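Subject: Handing over the structure

Hi,

Here is the structure I promised to pass on to you. Please have it open while you read, as my notes follow below.

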Amino acid sequence: MPHTIEKQRHIIDFTLASLLRRRGKNGALFTVYTLIVFILASVMFFTYALKEEAAQVLKGAPEIVVQRSLQGRYAPIPLEYAAKIRGIRGVMAVRPRLWGYYYDSVFLANYTIMTAESIPLPPGSIAIGHGISRMRRAYEGDTISFTGVDGKARNFTIAKILPQESQLLSADLILMNEDEYREFSGLPPGLASDLTLKVRNPKELTTIAEKIVKALPDSRPIIRNEILRTYDALFSWRGGLLIIIMSAAVLAFVIFAWDKASGLSAEEKKEIGILKAVGWETSDILFMKFWEGMTVSLTSFLAGTILAYGHIFFTSAALFAPVLKGWSVLYPVFRLTPFINPGQIATLFFLTVVPYTVTTIIPSWRAATIDPDSVLRS
Amino acid sequence: MIKVTQISKVYNAGRPNEFTAVREVSLTVNLGEVTVLKGPSGSGKTTLLGMLGCMVRPTSGRISLSHREITSLPERFLTQIRRETFGFIFQQFNLIKGLTALENVMAPAYPTGEKFATLRSRALETLALFNLAHKAAAKVEWLSGGEAQRVAIARALINNPAIIIADEPTAHLDTKLSHEFMAIIRQLKDDGKTILIASHDPIVYDSELMTSRIELRDGSVVTAGSLP
Amino acid sequence: MTTRYSTRFFTLTGALLLLATLLLIHAGRQRVTDRPLLRKSAELVRILELTDLCLFTEASYTRHLALADLRTPFQEYPLALEHFPSGSLASPPPHLTESHAPHH
């Protein structure tokens, strides 16, 4: 046994010495390989952690949201609808939600304004998300002005800044008292933005949603599971940008494979002949090629994955930030909790290290079985 | 002792470019002898040498090494015999470019799994034997012709083979280096190695070191016999 | 005497594996540390009855992905045919084309 290990170590010594002869080429190969793994692993870490976080925090989302559709778009929902829905068996509570958007023409940013009974605010006061506070440099006690539905500016005192850690949920939120919001936004009494429901038995959600549509054909119920599924479908690999990243990675791998599979150079074939002539077996040659693929791909895989972890969880995906910000003026600054899916890492390993190593070995198969006397006859 | 009986080698059998490199050759090489295979290029010297050294399988005939039939052995065993019994010195030296002299010398011993430290010191000793200790870390392409050949010889000796096989060893050497090469052969002979050299260089085949000579022409033995 | 290439390779690979293991430990500990924060966020979702993450604020259908309807894109700035890149990262919610209405 010890000599088997020593033999493999000798072969690794030889392989690395051979690889280091073309330092530039193999160094570039290693760099590109690491970069591809880095990008793929970054996407993987980021999307998984974000989806997992979404799933954990949105667990508390309303069980059913009922919207109303008028003229093919959303419209405020009459409060009588709430009374009707309350009559459906299994519905425990129905609450109207008041919320809407506000466009800040000075900062060119969109805010979401909501009412919140659960967070009591003194008259004329609002609570704002950390994103708005950061962008407008507005802090607790400051006065901030918004233009209402009548075109007149109204002043609000900032009573509270929503916690920084919840930016991923609340960066753009403005919380207001109900009567002030109706006055500000022009939403008449008797109407709400949508309704949220509490249900006795979560198994009945779909049945209840069906009953609501039957009773109120212009309503559209969205159940919690659908909200969660929306965020599970986020960053799906078919999504525009991700497919570009994936195709770039696949193409790069095809080029690698092409380079390897296009066969060995005459020089490499001659070297294999020499090694066979001096007493290397076919299996030794294949081991050499195995290590050639393995040393490059394993170290690149590890380096790329480690760098990706640092990128996503230590620098908060600094390289992805511009993409995520997109055209938003207001964006959340957040640090993701490192939820990691071992299955994904394993998949990445099998999609990078294995094919690379295999494409290194396969073309040398024929060369490894050539007669050693080719060296004599050359 | 190597004994070959009626061996032939046909290349590209059954195709229009079929040709017979070696035709029904029988001969015996005794241990401790220095044998030269003489003949013009294309006479089948290299092919015969390849078959004697277990590199090429004969198309027909039998080869036995120390009374052991080896023609029918599977490739793995043949490789093992080749590695343990024979040391090869090629016409073009066939060193692996880009690697150091030391790495080239160690390469044939890698499949044995010998401990690195012992192997390395043996390789350095072998290089020192040929006054190449100071070139151990030099890449082989930076060596002179004579140095490259001595590295090739050191490589042939690393597995301590009983038989040394050299194919046209002086073809790329000038007269002075050719004489130096023969001096090394003398040293190896004195160490008790069996030596087989294919050559059409008079410095080699007329050397007084030769104990037997086999002359080939068109793949057949013309004359064979011990030298006085 | 210079170190063997295989030794260097094993050292490098070992160091990388060690680093990866340390990062896995870091991830595990961070998850524990973040648990109260996530619980707080979940609580915020519950009391404010939130439905969405505030990832992309440039359009209503990217701000409230789960509440997007089939027509919202038309309500945006006419030249903004597609909000790239957000629009390419977020696909329409799976339930967008489904309906709870009885099937006929």
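Let me start with one glycine: A:Gly326 counts as buried, because it has 20 C-beta neighbours inside 10 Å, and 20 or more is what the cut-off asks for. You will find A:Gly326 in the loop that links helix H12 (321–325) to helix H13 (342–361) of chain A. Its C-alpha atom is 37 Å from that of A:Gly24, and the two glycines are 302 residues apart along the chain. Please keep in mind throughout that this is a predicted model.

Chain A as a whole

Chain A holds 15 helices and 13 strands. How does its radius of gyration stand against that of a compact globule of 378 residues? Chain A has 31 Å, whereas such a globule would be near 21 Å. Along the principal axes, the C-alpha atoms of chain A fill a box of roughly 100 × 50 × 40 Å. Of the 378 residues in this chain, 43% are buried. If you take the contacts in chain A with a separation of 6 or more, 78% of them are between residues 24 or more positions apart.

One open sheet in chain A has six strands, in the order E5-E6-E10-E7-E9-E8, and its pairing is mixed. At its edges are strand E5 (99–104) and strand E8 (143–147) of chain A, each of which pairs on one side only. On average, neighbouring strands here are turned by 40 degrees against each other, direction ignored.

Inside this sheet, strand E7 (residues 125–128) and strand E10 (residues 173–176) of chain A are antiparallel partners, with two bridges between them. A:Ile128 stands opposite A:Ile174, which belongs to E10(A). Which residues does A:Ile174 touch, leaving aside those up to four places away in sequence? They are A:Tyr102, A:Tyr111, A:Ile113, A:Ile126, A:Ile128 and A:Ile132.

A:Ile174 also comes up in the largest nonpolar core, which has 177 residues. The members that touch the most others there are A:Phe45, A:Ile64, A:Ile174, B:Val105, B:Val151, B:Ala152 and B:Ala154. As background, nonpolar side chains tend to be buried together in soluble globular proteins.

Chain B: confidence, sheet and helix

For chain B the mean pLDDT is 91, and 100% of the residues reach 70 or more. Where in chain B is confidence lowest, and where is it highest? The lowest mean, 85, belongs to strand E10 (residues 220–226) of chain B, and the highest, 96, to helix H3 (residues 101–106) of chain B.

Chain B has an open sheet of six strands too, with mixed pairing and the order E6-E7-E8-E3-E9-E10. Its edge strands, each pairing on one side only, are strand E6 (86–89) and E10 of chain B. Neighbouring strands in this sheet are turned by 15 degrees against each other on average, again with direction ignored.

Helix H1 of chain B packs on this sheet, where H1(B) touches E3, strand E7 (163–167), strand E8 (194–199) and E9 of chain B. The direction of H1(B) makes about 155 degrees with that of E8(B).

Strand E3 (residues 34–38) and strand E9 (residues 212–217) of chain B run parallel and are joined by four bridges, with B:Thr35 standing opposite B:Ser212 in E9(B). E9(B) and E10(B) are antiparallel, with six bridges, and B:Leu216 has B:Val221 in E10(B) as its bridge partner. The two strands form a hairpin with two residues between them, and B:Asp218 in the turn has a positive phi of about 50 degrees.

B:Phe93 has a phi near 70 degrees, positive although the residue is not a glycine. It lies in the loop between E6 and H3 of chain B, and B:Phe93 is buried, with 20 other C-beta atoms within 10 Å.

C:Glu49, also a residue other than glycine, has a positive phi near 55 degrees. C:Glu49 sits in the loop between helix H1 (5–48) and helix H2 (60–63) of chain C. Is C:Glu49 buried or partly exposed? With 18 other C-beta atoms within 10 Å, C:Glu49 is partly exposed.

Best wishes

Note on methods:
Residues are numbered from 1 along each chain as its sequence is written. Chains are lettered from A and ligands numbered from 1 in the order in which they are written. This is a predicted model: local features need pLDDT of at least 70, side-chain atom pairs count only at pLDDT 80 or more; totals for chains, interfaces and linings use all residues. The radius of gyration is taken over C-alpha atoms; the globule rule is 2.2 Å times the number of residues to the power 0.38. A residue is buried if 20 or more other C-beta atoms lie within 10 Å of its own, exposed if 12 or fewer, and partly exposed in between; C-beta atoms are placed from the backbone. Two residues are in contact if their C-beta atoms, placed from the backbone, lie within 7 Å. A nonpolar core is a set of buried Ala, Val, Leu, Ile, Met, Phe, Trp, Tyr and Cys residues joined through C-beta atoms within 7 Å. pLDDT is the predictor's confidence in each residue, from 0 to 100. Two strands pair if DSSP finds at least two bridges between them. Axes are lines fitted to C-alpha atoms, for helices over the stretch in contact, and angles run from 0 to 180 degrees between N-to-C directions.
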